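I opened a new page for this structure. I wanted to look up its aromatic rings, its core and its sheet.

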Amino acid sequence: EFNVVNNDAGAAAVTVSVGVDIAAGGGLAAPEYWMFNEVIPYPGSSGWRGPFLIAGDDDVRGVASAANDASIHFLIRIVDTGA
């Protein structure tokens with residue numbers, strides 16, 4: 001699960017995308033987005049999203065419209081699949 005928080009020093013909205021980069025391919029493709037170009041007002045947050053399941057070789061990636069304007073908080077649970 002994740003929650004994106006707007007921490008813009010100028011009190012501006014920030015546009016955010018978050019997703020899973022399957023097998024750490026180096027970027028996000030259309031089917032990998034969990035949220036795409038969502039505007040997070042200031043002050044505000046996306047609210048908790050998920051839960052999502054990812055494999056151990058996947059990456060979570062996030063992009064914001066301005067550097068240092070958003071923080072992402074995670075709630076992570078490890079699932080033992082016995083594989």
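I first wrote down the cut-offs: a residue counts as buried under 20% relative accessible area, as exposed over 50%, and as partly exposed in between. I also noted that the model is predicted.

I looked up tryptophan 34 and found a relative accessible area of 24%, so tryptophan 34 is partly exposed. The centres of the rings of tryptophan 34 and phenylalanine 52 are 4.1 Å apart and the planes stand at 15°, so I listed this pair as stacked. Tryptophan 34 lies in strand β3 and phenylalanine 52 in the loop between β3 and β4, 18 residues apart. Phenylalanine 52 is partly exposed, at 31%. I counted four aromatic pairs in the structure. Another of them is phenylalanine 2 with tryptophan 34, with centres 5.9 Å apart and planes at 25°, so this pair is stacked. Phe2, Trp34 and Phe52 form one aromatic cluster.

Phenylalanine 2, at 1% relative accessibility, is buried. I found Phe2 again in the largest nonpolar core, which has seven residues, among them Val16, Met35 and Ile40. β1, β2 and β3 each supply at least two residues of this core, and β2 gives the largest share, three residues.

Entry on the sheet. Three strands make an open, antiparallel sheet in the order β3-β2-β4. β3 and β4 are at the edges with a single partner strand each, so one side of each has no neighbour in the sheet. β2 and β4 pair over six bridges, and I found valine 16 opposite alanine 64 in β4.

Definitions and conventions: Residues are numbered from 1 along each chain as its sequence is written. This is a predicted model: local features need pLDDT of at least 70, side-chain atom pairs count only at pLDDT 80 or more; totals for chains, interfaces and linings use all residues. Side-chain values use heavy atoms; hydrogens and water are left out. A nonpolar core is a set of buried Ala, Val, Leu, Ile, Met, Phe, Trp, Tyr and Cys residues joined through side-chain atoms within 4.5 Å. Buried means under 20% relative accessible area, exposed over 50%, partly exposed in between (1.4 Å probe, protein chains only). Helices (H or I, at least four residues) and strands (E, at least two) are DSSP runs, numbered from the N terminus. Two strands pair if DSSP finds at least two bridges between them. Rings of Phe, Tyr and Trp (its six-membered ring) pair if their centres lie within 6.5 Å; planes under 30 degrees apart count as stacked, over 60 as edge-to-face and the rest as tilted.
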